[in-house]
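Visitor: Hi! I've just opened this one and could use a hand finding my way around. Can you show it to me?

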Amino acid sequence: MHKIHSAVVLPLALGTLLSACGSDGAPTPSGSGSPKDTGHSSAAALPSPSAASPVLAEASKAFNPRLLRRFSPARAILKSESNPLSDEKIALGRMLYFDKRLSKDRDVSCNSCHKLDAYGVDGQPTSPGHKGQRGGRNSPTVYHAAGYFTQFWDGRAADVEEQAKGPILNPIEMAMTSGDEVMKRLRAIPGYVDAFSKAFPAEPSPMTYDNLGRAIGAFERKLTTRSRWDGYLTGNASALQPSELEGLKIFTNVGCMVCHTGELLGGTSYQRVGAVEPWPNQEDPGRFKVTKNVADRMMFKVPTLRNIAMTAPYFHDGSAKTLGEAVRLMGKHQLGLDLSDVEVSAIVAWLGSLTGDLPKEYIAEPSLPPNSTKT
Ligand code: HEC
Ligand code: HEC
């Protein structure tokens with residue numbers, strides 16, 4: 001009844017997909033998320049495959065527990081050598097993240113589009129920014145984003161520190177005209193003058209736009225969650241339900257993990273959306289916009305699958321409303337597979353185990369420094 005894709009066992013999928021994906025070479029390692037320092041998942045920790053249905057039993061048979069080495073548990077802090085963290089820097093970054101005064105009309109903050117109490121998204125296909133204008137892309141989550149090998153759907157910023165300086169000056173997002181204009185506004189707020197000197201104590205003139213990016217980036221480097229999946233990877237075999245384990249097996253066996261791999265189950269490479277069957281919406285050419293290289297048409301950074309059940313709608317164009325639909329589209333366009341309803345729901349069940357606990361205290365909205373009478 002259901003088509004079994006046992007022919008697409010992973011070793012084969014790995015070989016064919018990595019060449020078919022059109023990336024220049026193997027997925028770029030992020031330098032983070034490498035499994036070397038994690039010490040998780042020995043094959044022995046794995047529960048024995050269950051035989052829920054003939055289809056799934058077939059998938060179970062082909063499951064190779066050594067594939068778990070391709071994943072690793074979430075780190076709590078996504079460190080950067082060039083931006084060492086301090087409590088003061090993080091506190092400043094948190095204020096800036098929530099402060100609408102960083103936008104032209106003082107009505108949009110980072111948190112407007114990346115709501116921290118809603119898993120870092122706003123639940124809309126595209127987000128309203130300055131004067132309600134919308135860009136063409138879905139707002140991705142900021143949780144774990146600091147662990148990506150590059151930022152944005154098309155990789156046009158290297159890290160979260162650089163990324164943070166973008167939206168403030170984007171005419172349809174926060175619409176400030178220059179970094180100088182932003183810093184002029186902040187210099188008139190005494191609480192920020194104080195917070196910048198505490199965050200960058202060694203610097204005689206700490207109120208720079210680059211330091212604003214560093215402070216927000218520092219705050220983002222601890223926007224991480226831990227889920228039952230992490231419990232499983234660190235040896236708690238009962239952290240996943242049998243139905244979720246079946247989903248994991250199907251996910252790995254059909255080849256999803258070729259692209260969604262590592263600590264973040266994504267964020268390590270660019271891949272073509274529509275690797276096997278062209279993506280229905282060809283309007284946004286993805287990384288091609290950045291490089292103008294035809295080989296980069298429809299190439300997008302593979303997003304994380306952590307907290308994916310909480311971040312609908314999906315894809316750069318916000319075109320999939322439900323996770324089931326997103327999984328089915330991935331099967332079709334990335335792998336050329338018609339996943340059955342049973343397979344889709346098993347994968348969706350497993351993806352649910354990637355929902356982590358929000359760091360409630362860390363993300364609590366701080367009180368913001370008041371305007372001085374001069375402002
Ligand atoms: C008007 C809505 C809006 C506002 C305001 C906004 N963003 Fe975004 N953000 C987006 C969209 C849309 C994207 C994806 C754009 C793209 O990839 O081209 C994005 C991308 C990102 C990413 C990259 C994540 C990834 O998956 O690569 C991070 C990090 C981020 N934003 C943080 C911030 C911070 C920090 C601020 C405040 C300084 C901010 N954003 C303000 C909508 C917004
Ligand atoms: C060839 C690489 C590749 C394979 C294989 C692949 N994906 Fe993806 N996946 C991507 C890319 C690239 C995106 C982003 C596409 C976009 O938004 O345009 C993505 C996006 C997603 C999203 C939406 C994420 C979000 O935040 O919007 C989900 C869910 C997903 N993939 C699940 C899967 C599942 C499940 C499978 C296996 C059935 C799979 N993927 C196979 C590359 C791949």
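Predicted model: local features only at pLDDT ≥ 70, side-chain atom pairs only at ≥ 80, totals over all residues.

Visitor: Let's go to ligand 1. Which residues are closest?

Guide: Cys-110, Cys-113, Gly-129, Pro-140 and Pro-167 are the closest of the 27 residues that surround ligand 1. Helices H4 (110-113), H5 (160-163) and H6 (165-169) each give two or more residues to that shell.

Visitor: Which of them gives the largest share?

Guide: That is H4, with three residues.

Visitor: Now ligand 2. Which residues come nearest there?

Guide: Cys-256, Cys-259, Tyr-314, Phe-315 and Met-330 do, out of 28 residues around ligand 2. The elements giving two or more residues to this shell are helix H11 (242-254) and helix H13 (323-335). H13 provides the largest share, six residues.

Visitor: How does the shell around ligand 2 divide into nonpolar, polar and charged?

Guide: It has 21 nonpolar residues, seven polar and no charged ones.

Visitor: New topic: helix H3. How many residues does it have, and how far does it reach?

Guide: H3 covers residues 87-98, so to speak a run of 12 residues, and spans 17 Å from its first C-alpha to its last, close to the expected 16 Å.

Visitor: Is H3 largely enclosed or largely open, and why?

Guide: Largely enclosed by the rest of the structure, because nine of its 12 residues are buried. Among them are Ile-90, Leu-92, Met-95 and Phe-98, and also Lys-89 and Arg-94.

Visitor: What covers those buried residues of H3?

Guide: The cover includes H4, helix H8 (190-199) and helix H9 (209-220).

Visitor: Last one: where is Pro-65?

Guide: Pro-65 sits in the loop between helix H2 (54-61) and H3. Pro-65 counts as partly exposed because it has 16 C-beta neighbours inside 10 Å.

Visitor: How far is Pro-65 from Thr-252?

Guide: Their C-alpha atoms are separated by 9.8 Å, while the two residues are 187 apart along the chain.

Notes. Residues numbered from 1 in each chain as written. Chains lettered and ligands numbered in written order. Near = placed C-beta within 6 Å. Helix = DSSP H or I, 4+ residues; strand = E, 2+ residues; numbered from the N terminus. Nonpolar A, V, L, I, M, F, W, Y, C, P; charged D, E, K, R; others polar. Expected span 1.5 Å × (residues − 1). Buried ≥ 20, exposed ≤ 12 C-beta atoms within 10 Å, placed from the backbone. Contact = placed C-beta atoms within 7 Å.
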